[in-house]
Amino acid sequence: MPTQIACPTCKRLVDWSSNPYRPFCSERCRLIDLGAWLNGQRAIPGEPLGTDSPDESPPEES
Ligand SMILES: [Zn+2]
């Protein structure tokens, strides 16, 4: 019995060993997941970008 995994995009069971698009079932699902990342739907929670760092001070010129 071949190892099967559920496609993260469409939840369809796909064969792992013979699947070039793993963990997805197809290139389409892979691109859909990639698009979800790019659209911010799967944004990783963390520190917001663009905040001022207190350690950074402007260089002093004498
Ligand atoms: Zn899929």
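Colleague: In this predicted model, what share of the protein chain's contacts with a separation of 6 or more comes from residues 24 or more positions apart?
Modeller: Such pairs make up 6% of those contacts.

Colleague: And how much of the protein chain is buried?
Modeller: Of its 62 residues, 6% are buried.

Colleague: What helices and strands are there?
Modeller: The protein chain has two strands and one helix. Along the sequence the order is β-β-α.

Colleague: How long is α1?
Modeller: α1 has twelve residues. From its first C-alpha to its last it reaches 16 Å, close to the 16 Å expected at 1.5 Å a residue.

Colleague: What follows α1?
Modeller: Gly 40 follows α1, and its phi is positive, near 85°.

Colleague: Turning to the loops, which one holds Lys 11?
Modeller: Lys 11 is in the loop between β1 (4-6) and β2. Its phi is also positive, about 70°, although Lys 11 is not a glycine.

Colleague: Is Lys 11 buried or exposed, and why?
Modeller: Lys 11 counts as exposed because it has 9 C-beta neighbours inside 10 Å, and the cut-off for exposed is 12 or fewer.

Colleague: Where is Pro 23?
Modeller: Pro 23 sits in the loop between β2 (13-15) and α1 (27-38).

Colleague: What kind of peptide bond joins Arg 22 and Pro 23?
Modeller: A cis one, with omega about 5°. Most peptide bonds are trans.

Key:
Residues are numbered from 1 along each chain as its sequence is written. This is a predicted model: local features need pLDDT of at least 70, side-chain atom pairs count only at pLDDT 80 or more; totals for chains, interfaces and linings use all residues. Helices (H or I, at least four residues) and strands (E, at least two) are DSSP runs, numbered from the N terminus. A residue is buried if 20 or more other C-beta atoms lie within 10 Å of its own, exposed if 12 or fewer, and partly exposed in between; C-beta atoms are placed from the backbone. Two residues are in contact if their C-beta atoms, placed from the backbone, lie within 7 Å. The expected span of a helix is 1.5 Å times one less than its number of residues.
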